[in-house]
Amino acid sequence: MKRILLLALVALLPVGPVRGEDWSQYKTADELWGRLQAMENAPGVNDRTQYLEQLGNLRGGLVEFESRYGSDPRRWDAKLLRVQVEAMIGRINGSASDNGALLRAAAEIIGAADAGPSTKTDARFLAAGVHLQTLSSSGQTVDAAARAAVEADIAGLRKDCPTDARTEILRFGYARFLKLRDPATSESMLRELAGSQNLRVAAMAQEELGTFPKPRQPGQTALDLKFRAVDGTDVDLAKLRGKVVLVDFWATWCGPCRMEMPNVVAAYNQLHKDGFEIVGISLDQSKEKMLGYTQQAGMPWPQYFDGKGWQNDISSRYGIYSIPSAWLVDKKGFVRSTQARGADLAGQVKALLAE
């Protein structure tokens, strides 16, 4: 049975009569359960009054199942759904959710010996959603206990349910909550989620990252960047003064990066002899893939790699939220452009070389 989890307004609408349904017509647990499933899976309506009636009817059927079949393991599924339906009815009527009742029901289900594993998992997600809702209503002053509860939920669900989409949705909600309260942690979480296999979560995280303030504007200060490249050479932009340098944030898994690379390689081959240098900051997680691609594409310049993907130390330090991102640094070490890409890259480099 599907559940209304994380207090989402999911349509749970019945087929057939919605007022005063005669539950006695369902003679067995299987018959009644089948009816409840049909009610849950039916298409929805937009009329508020009808919706409330349907939710009330569904609640009545769930109560009937719980009271009539007290030894059937499905009673826990019925209870889990019932408390959420009750919370939804309250919200539609303008009442605050009884989070205490939701948490008590979730705890009872989690501790029940005959509740199924999936039902217990659903109860855990319900409790996590309630904890996040409680935390989100705490205002600017973060309740330490409420935050600890959410973090414990996330840690447990990441361990036990790493592929469940609800785990990442929960993490995204927590990251959004932290944005104004703990921006460094929020940004770190969103960067990781931006690389999620769940494309919806990845898109939401990337969009949210785009709302963070940019930490650097071109020309404010000389760029301080030094690292040990994968080939063992030491890179220090301070020692490249007098040259024009492109700092290229990229990855082999980034389609637009690969599309852009021929322009970058062409500009390097044309202008390297005139004082044009490139340093790459790879957001890859596989060194072998990165090295294989650089060799194939003809990219002889040094590359920084730490295998952390979106958590890359250098890209995180400079607030890189999307790639490709290419910074063009002039002879004095100042960032003159953060969008140095496209067919005119060589022209931009020539202009700076002429200064």
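This is a predicted model: local features need pLDDT of at least 70, side-chain atom pairs count only at pLDDT 80 or more; totals for chains, interfaces and linings use all residues.

Residues are numbered from 1 along each chain as its sequence is written, and side-chain values use heavy atoms, with hydrogens and water left out.

**Exercise 1. Check the length of helix α10 (residues 255-271).**

Step 1: Helices are DSSP runs of H or I with at least four residues, and strands are runs of E with at least two, numbered from the N terminus.
Step 2: The expected span is 1.5 Å times one less than the number of residues. Helix α10 has 17 residues, so it should span 24 Å.
Step 3: The end C-alpha atoms of α10 are 25 Å apart, which agrees.

**Exercise 2. Find the kink in α10 and say what covers its buried residues.**

Step 1: The bend at a residue is the angle between axes fitted to the seven residues ending there and the seven starting there. In α10 a kink of about 35° lies at Met261, shortly before the proline Pro262.
Step 2: Buried means under 20% relative accessible area, exposed over 50%, and partly exposed in between (1.4 Å probe, protein chains only). Among the buried residues of α10 are Cys257, Glu260, Met261 and Val264.
Step 3: Their cover includes β3 (244-250), β4 (276-282), α11 (287-297) and α13 (345-353).

**Exercise 3. Work out which element gives the most to the lining of the largest cavity.**

Step 1: On a 1 Å grid over the protein atoms alone, a cavity is a set of points where a 1.4 Å probe fits but cannot get out; lining residues have an atom within 4 Å of a point.
Step 2: The lining includes Leu246, Asp248, Cys257, Glu260, Met261 and Val264.
Step 3: β3 and α10 each supply at least two lining residues, and α10 gives the most, with four.

**Exercise 4. Describe the setting of Leu103, which is in helix α4 (residues 99-111).**

Step 1: Leu103 counts as partly exposed because its relative accessibility is 27%.
Step 2: Contact means heavy atoms within 4.5 Å. Not counting residues up to four places away in sequence, Leu103 touches Ala127, Val130 and His131.
Step 3: Leu103 and Arg124 are 21 residues apart in sequence, and their C-alpha atoms are 9.4 Å apart in space.

Methods. On a 1 Å grid over the protein atoms alone, a cavity is a set of points where a 1.4 Å probe fits but cannot get out, and a pocket is an open set with protein on both sides within 12 Å along at least five of seven lines; lining residues have an atom within 4 Å of a point.
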